[in-house]
Amino acid sequence: MNLAFYIILLSIVFFSMYVIYKTINYREKLTPMVGMMIAMTLGMSVGLTVGVIVGILLPTNFFIATILGMFVGMIVGFSAGLPFHTIAVLDGLLSGLMGGMMGAMLGNMIDMGYDAAMTKIMFFIFLGTMMILLQMIHQTAKEKVNLQPYLLITIALFTFYFVIFEWAY
């Protein structure tokens, strides 16, 4: 397994835990609909990204890749929906299940020459989604948020990861 895959997986764990932490902290200020959206977005994003990575890493064992992608997406979706209502939990579970399945299929179908590019694309989509999700949490909690630092952090993260991935591949 390449160094870039470890960096991506660690980043996914870090960002998922951070969004779940923010969700738990602001659960009184967030509406049930926002809770459902957080669970669905996080479950689907993590399921897709991890599913693609596992599908690329295990090209000969599609069953294990699908189960791992689904399991990770379901756990994250469940965890994100837990501070809210049962509907949010169910929404996160099913979104993670679907994302993990689709990600594993995509990762398994990608030609070996394009696996690094697809991993980068999926990870950058994941990062962008997490930044938008954090912005939504702050806006719904009526917290004054200056968008410029978030934009600068997002650009810095994209640049950092792009340089690391180009070096690691």
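Helix H4 comprises 24 residues and extends 35 Å from its first C-alpha to its last, close to the 34 Å expected at 1.5 Å a residue (the expected span being 1.5 Å times one less than the number of residues). Helices here are DSSP runs of H or I with at least four residues, numbered from the N terminus. The model is predicted, so that local features need pLDDT of at least 70 and side-chain atom pairs count only at pLDDT 80 or more, whereas totals for chains, interfaces and linings use all residues. Residues are numbered from 1 along each chain as its sequence is written, and side-chain values use heavy atoms, with hydrogens and water left out.

Within H4, the buried residues are Ala-88, Val-89, Asp-91, Gly-92, Ser-95, Gly-96, Gly-99, Gly-100, Gly-103, Ala-104 and Gly-107. The buried residues of H4 pack against H2 and H3, where contact means heavy atoms within 4.5 Å.

The packing of H3 (residues 62–81) on H4 (residues 86–109) brings the two axes within 7 Å, at a crossing angle of roughly 150°. Axes are lines fitted to C-alpha atoms, for helices over the stretch in contact, and angles run from 0 to 180 degrees between N-to-C directions. H3 and H4 are therefore roughly antiparallel to each other; this term applies to angles over 145 degrees, while those under 35 count as roughly parallel, 65 to 115 as roughly perpendicular and the rest as oblique. The crossing of H3 past H4 is right-handed, a crossing being right-handed if the near helix is turned clockwise from the far one by less than a right angle, and left-handed if anticlockwise. On the H3 side, the contact includes Phe-62, Ala-65, Gly-69, Gly-73, Gly-77 and Gly-81, and among their partners in H4 are Ala-88, Gly-92, Gly-96, Gly-100 and Ala-104. The residues of the contact of H3 with H4 divide into 12 nonpolar, 9 polar and no charged. In this classification, Ala, Val, Leu, Ile, Met, Phe, Trp, Tyr, Cys and Pro are nonpolar, Asp, Glu, Lys and Arg are charged, and the others, Gly among them, are polar.

Phe-78 belongs to helix H3 and, with a relative accessible area of 33%, is partly exposed. Residues up to four places away in sequence aside, Phe-78 touches Val-89, Gly-92 and Leu-93. Phe-78 and Met-33 are separated by 45 residues in sequence and by 15 Å in space, C-alpha to C-alpha.

Helix H2 (residues 32–57) has 26 residues, which should span 38 Å at 1.5 Å a residue; the end C-alpha atoms of H2 lie 37 Å apart, in agreement with this value. H2 is mostly covered, with 19 of its 26 residues buried. The axes of H2 and H3 are 8 Å apart, and the two helices pack at an angle of about 160°. H2 and H3 are therefore roughly antiparallel to each other, and H2 passes H3 in a right-handed crossing. Residues of H2 in this contact include Leu-42, Gly-43, Val-46, Gly-47, Val-50 and Gly-51, and those of H3 include Gly-69, Val-72, Gly-73, Val-76 and Gly-77. By class, the contact of H2 with H3 has 11 nonpolar, 8 polar and no charged residues.

Helix H5 (residues 115–140) likewise contains 26 residues and reaches 37 Å from its first C-alpha to its last, close to the 38 Å expected at 1.5 Å a residue. Just after H5, Lys-142 adopts a positive phi of about 60°. H5 packs with H1 at an angle of about 15°, the axes being 11 Å apart. That makes H1 roughly parallel to H5, and the crossing of the two helices is left-handed. Among the contributing residues are Phe-5, Ile-8, Phe-15, Ser-16 and Lys-22 of H1 and Phe-123, Phe-126, Met-130, Leu-134 and His-138 of H5. The residues of the contact of H1 with H5 divide into 14 nonpolar, 5 polar and 1 charged.

Ser-16, in helix H1 (residues 3–25), counts as buried at 5% relative accessibility. Apart from its neighbours within four places in sequence, Ser-16 is in contact with Leu-42, Val-46, Val-76 and Phe-126. Phe-162, by contrast, is found in helix H6 (residues 147–168) and counts as partly exposed at 42% relative accessibility.

Note on methods
Buried means under 20% relative accessible area, exposed over 50%, partly exposed in between (1.4 Å probe, protein chains only).
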